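Please keep the sequence and the structure at hand while reading.

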Amino acid sequence: MELDYLIIGQGIAGTILSHTFIQNGKKVMVVDNGKKHISSRIAAGIFNPITGRKMVKTWYGDHLFPFFHQFYPEFENFLDCSFFHQLKVYHPFDTQEKQNDWLAAMGEPKFQDYVGGFEDGKEYQGIVKGDFGGMKVHQAGYVDISLMLDEYRKWLDKNNFLIAEEFSEREMSFEEDFIQWKDFSAKKVIFCDGTGSTKSSFFHWLPFRPVKGELLVVKLASEPICEIISRGCWVLPVGNGLYKVGATYDHSELNFSPSEKGRMILEERLQALLKIPYEIVDQKAGVRPATYDRRPFIGIHPENPKIGIFNGLGAKGISLAPYFANMFYNHLEKNDSLIMEVDIKRVLKKYFYHK
Ligand SMILES: Cc1cc2nc3c(=O)[nH]c(=O)nc-3n(C[C@H](O)[C@H](O)[C@H](O)COP(=O)(O)OP(=O)(O)OC[C@H]3O[C@@H](n4cnc5c(N)ncnc54)[C@H](O)[C@@H]3O)c2cc1C
């Protein structure tokens, strides 16, 4: 079978890239080994334009947010299911200084599309610790990633666009105009294999910096909370009285095992945020495919134009993937440029590329 693209991996990256290609009329096959312990299935799926301890605007947010606010509802229609949930994020202030800083910053044009006015905190009086009020961030929410991946996988399978098995680079042979893999001849093979790329013979030289993350699933002894609450950690309502609490960042222990250390960090942060009792019902861990400069790795291999990569989505796969999948498509099919901040060319000079 002749293909335009053979895509390796069906996490967030492979799902959104392959959907973008198929929507543009390309002949695609997705190869995925079906592992359940992948970053995309652990992730909470939150998108939030203002994040981090210093509460700064998400990098490239003014491009990413309008794009995916259109992309996900269209993808829901395409798959005929609902996984895109828009929720505000309530940020309670913990000091007078924080309150003052944000009262001054709220009026700045760069925050206008994302930040509401000052909240006196009465709404969350019995729930959240702190007497300094807070603010609400708009255009935020979460994607139920497992549901999105499961539904898309079913669609791929039904349309014979999925090979559910392990892919091995050794099984590829390079012909003049295509790559042969099993019965398929593809013009290009694109790796969307998450942390798998760190061991790839094509891309091991890219400076990935994977980071383990853990989250808790808890029940709260309160009336239902309908917004994300965030300070030190986030508390995300996911239905049935359950909330996800996350997330940790650990560069040292890169495995999928929930740890005592992770639980203690998250419990400490949760107790600093909420007044109410909670019960832990689950704990999850995953490894984010993050990079040395916290920007994605996208592009074509420097010596092999038939091999590409769409990876390095780090802690923000949900926000980054739709916009940059579209940019990568335009790069491959229309010769448009990738922005240098995501193009793997940026690291060629910095980290020598060795065969
Ligand atoms: C605790 C935690 C919380 C997070 N919270 C958020 C959040 O709230 N919002 C957000 O946007 N992001 C979040 N993330 C980050 C998010 O998970 C990543 O950005 C995203 O999952 C990366 O997706 P990916 O498709 O690149 O990689 P992966 O999810 O790792 O997918 C790679 C896929 O390729 C397959 N594969 C790999 N090798 C092979 C092979 N040889 N053959 C066949 N198949 C193969 C794998 O099985 C998998 O299906 C979180 C991560 C963690 C760990």
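Of the contacts in the chain between residues at least 6 apart in sequence, 73% join residues at least 24 apart. The model is a predicted one, and its secondary structure comes to eight helices and 21 strands.

**Overall build**
- The chain has 355 residues, for which a compact globule would have a radius of gyration near 20 Å, and the value for the chain, 21 Å, agrees with that expectation.
- Along the principal axes, the C-alpha trace spans about 70 × 40 × 40 Å.
- Buried residues account for 43% of the 355 residues in the chain.

**The eight-stranded sheet**
- Eight strands make up an open sheet with mixed pairing, and their order is β8-β9-β7-β16-β17-β18-β15-β19.
- At the edges of this sheet are β8 (115-119) and β19 (278-288), each of which pairs on one side only.
- On average, and with direction ignored, neighbouring strands of this sheet are turned by 25 degrees against each other.

**Strand β16 and its neighbours**
- In strand β16 (residues 228-231), Ile 228 and Ser 230 point one way while Ile 229 and Arg 231 point the other way, and all of these residues are buried.
- Strand β7 (residues 89-92) pairs with β16 in the parallel sense over two bridges, and within this pairing Val 89 stands opposite Ile 228 of β16.
- Strand β17 (residues 233-239) runs antiparallel to β16 and is joined to it by three bridges, with Trp 234 of β17 as the bridge partner of Ser 230.
- β16 and β17 form a hairpin that has one residue between the two strands, and Gly 232 in the turn has a positive phi of about 85 degrees.

**Helix α6 across the sheet**
- Helix α6 lies across β15 (211-220), β16, β17, β18 (242-246) and β19, and runs at about 90 degrees to β17.
- Glu 267 has its place in helix α6 (residues 260-273), and the C-alpha atoms of Glu 267 and Cys 233 are separated by 9.5 Å, although these residues are 34 residues apart along the chain.

**The three-stranded sheet**
- A separate topic is the open sheet of three strands, which has the order β3-β10-β6 and antiparallel pairing.
- The edge strands here are β3 (46-47) and β6 (84-86), and each of them pairs on one side only.
- β6 and strand β10 (residues 141-143) run antiparallel and are joined by three bridges, and Phe 84 stands opposite Val 143 in β10.

**Packing of helices α1 and α7**
- Helix α1 (residues 12-23) packs with helix α7 (residues 317-334) at an angle of about 35 degrees, their axes being 9 Å apart, and the crossing of α1 and α7 is right-handed.
- On the α1 side the contact is made by Ile 12, Ala 13, Ile 16, Leu 17, Thr 20 and Phe 21, while on the α7 side the residues include Gly 317, Ile 318, Ala 321, Pro 322, Ala 325 and Tyr 329.
- Sorted by class, the contact of α1 with α7 has 11 nonpolar and three polar residues, and no charged residues.

Conventions. Residues are numbered from 1 along each chain as its sequence is written. This is a predicted model: local features need pLDDT of at least 70, side-chain atom pairs count only at pLDDT 80 or more; totals for chains, interfaces and linings use all residues. Axes are lines fitted to C-alpha atoms, for helices over the stretch in contact, and angles run from 0 to 180 degrees between N-to-C directions. Helices (H or I, at least four residues) and strands (E, at least two) are DSSP runs, numbered from the N terminus. A crossing is left-handed if the near helix is turned anticlockwise from the far one by less than a right angle, and right-handed if clockwise. Two residues are in contact if their C-beta atoms, placed from the backbone, lie within 7 Å. Ala, Val, Leu, Ile, Met, Phe, Trp, Tyr, Cys and Pro count as nonpolar, Asp, Glu, Lys and Arg as charged, and the others, Gly among them, as polar. Two strands pair if DSSP finds at least two bridges between them. The radius of gyration is taken over C-alpha atoms; the globule rule is 2.2 Å times the number of residues to the power 0.38. A residue is buried if 20 or more other C-beta atoms lie within 10 Å of its own, exposed if 12 or fewer, and partly exposed in between; C-beta atoms are placed from the backbone.
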